[in-house]
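Open the model in your viewer and keep the selection tool at hand. We will go from stop to stop, and at each one you select something and look.

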Amino acid sequence: MTSKTIKIGDKDVLFKSSAAIPRMYRMKFHKDIFGDLSKLEKSYKDKEDGTSELQIEDLEIFENLAYIMAFHADNTISKDINEWLEQFETFSIYEILPELLSLWGMNTFTTVSSKKN
């Protein structure tokens, strides 16, 4: 389990990642986080390479991911994602997304060495 505080506008928001995230995401949004993250990461990398733009579906995945990680860190926030998002001024997805992907990556990184030699 890992957590990180990320500044969004003038607000410090705590995000948390753990093995519970895929289940929480599936229960809340009825989608597979692994498929969504794969699409989002590909779109983000294509954007960095200049070969594509993020699509509206990518924005929705980002919002869902940010919300579920914030809710996991603090379950007193609104259970309605729209209400949660309304607390923020407009911000750049390109500043926050790498931080969330990094947090997710830290949680899924394994330190177990391969038994194959």
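Is the crossing of α1 and α3 left-handed or right-handed? The crossing is right-handed. A crossing is left-handed if the near helix is turned anticlockwise from the far one by less than a right angle, and right-handed if clockwise.

Before you go on, a word on the model. It is predicted, so local features need pLDDT of at least 70 and side-chain atom pairs count only at pLDDT 80 or more, while totals for chains, interfaces and linings use all residues. Residues are numbered from 1 along each chain as its sequence is written, and side-chain values use heavy atoms, with hydrogens and water left out.

**Stop 1: α1 with α3**

Keep both helices selected. Helices are DSSP runs (H or I, at least four residues), numbered from the N terminus. The axes of α1 and α3 are 10 Å apart, and the packing angle is about 120°. Axes here are lines fitted to C-alpha atoms, for helices over the stretch in contact, and angles run from 0 to 180 degrees between N-to-C directions. α1 and α3 are therefore oblique to each other. Angles under 35 degrees count as roughly parallel, over 145 as roughly antiparallel, 65 to 115 as roughly perpendicular and the rest as oblique.

Now show the side chains where α1 and α3 meet. From α1, pick Ile21, Met24, Tyr25, Lys28 and Phe29. From α3, pick Ile61, Asn64, Leu65, Tyr67, Ile68, Met69, Phe71 and His72. Contact means heavy atoms within 4.5 Å. The residues of this contact of α1 with α3 divide into 10 nonpolar, 2 polar and 1 charged. In that count, Ala, Val, Leu, Ile, Met, Phe, Trp, Tyr, Cys and Pro are nonpolar, Asp, Glu, Lys and Arg are charged, and the others, Gly among them, are polar.

**Stop 2: along α3**

Select residues 56-73, which form helix α3. Its 18 residues should span 26 Å at 1.5 Å a residue, and its end C-alpha atoms are 26 Å apart, which agrees. The expected span is 1.5 Å times one less than the number of residues.

Which residues of α3 are buried? They are Asp58, Ile61, Phe62, Asn64, Leu65, Ala66, Tyr67, Ile68, Met69, Ala70, Phe71 and His72. Buried means under 20% relative accessible area, exposed over 50%, and partly exposed in between (1.4 Å probe, protein chains only).

Zoom in on Asp58, in helix α3. Asp58 is buried, with a relative accessible area of 0%. What does Asp58 touch, not counting residues up to four places away in sequence? The answer is Lys39, Leu40, Ser43 and Glu53.

**Stop 3: α2 against α3**

The axes of α2 and α3 come within 10 Å and cross at roughly 125°. That makes α2 oblique to α3. The crossing of α2 and α3 is left-handed.

Highlight Ile33, Asp36, Leu37, Lys39, Leu40 and Ser43 in α2. They meet Glu57, Asp58, Ile61, Phe62 and Leu65 in α3. The residues of the contact of α2 with α3 divide into 6 nonpolar, 1 polar and 4 charged.

**Stop 4: along α2**

The 17 residues of α2 should span 24 Å at 1.5 Å a residue, and the end C-alpha atoms of α2 are 24 Å apart, which agrees. Colour the buried residues of α2: Ile33, Asp36, Leu37, Leu40, Ser43, Tyr44 and Asp46.

An α-helix has 3.6 residues a turn, so residues three or four places apart point the same way.

Is Asp49 buried or exposed? Asp49, found in helix α2, is exposed, with a relative accessible area of 59%. Just after α2, Gly50 takes a positive phi of about 80°.

**Stop 5: Ile33**

Select Ile33, in helix α2. At 1% relative accessibility, Ile33 counts as buried. Leaving aside neighbours within four places in sequence, Ile33 is in contact with Ile21, Pro22, Tyr25, Leu65 and Trp104.

**Stop 6: α1 with α2**

Bring α1 back beside α2. These two helices, α1 and α2, pack at an angle of about 95°, with their axes 9 Å apart. That makes α1 roughly perpendicular to α2. Ile21, Pro22 and Tyr25 of α1 make the contact with Ile33, Phe34 and Asp36 of α2.

**Last stop: His30**

Select His30, in the loop between α1 (21-29) and α2 (33-49). His30 is exposed, with a relative accessible area of 68%. The phi of His30 is near 60°, a positive value in a residue other than glycine.
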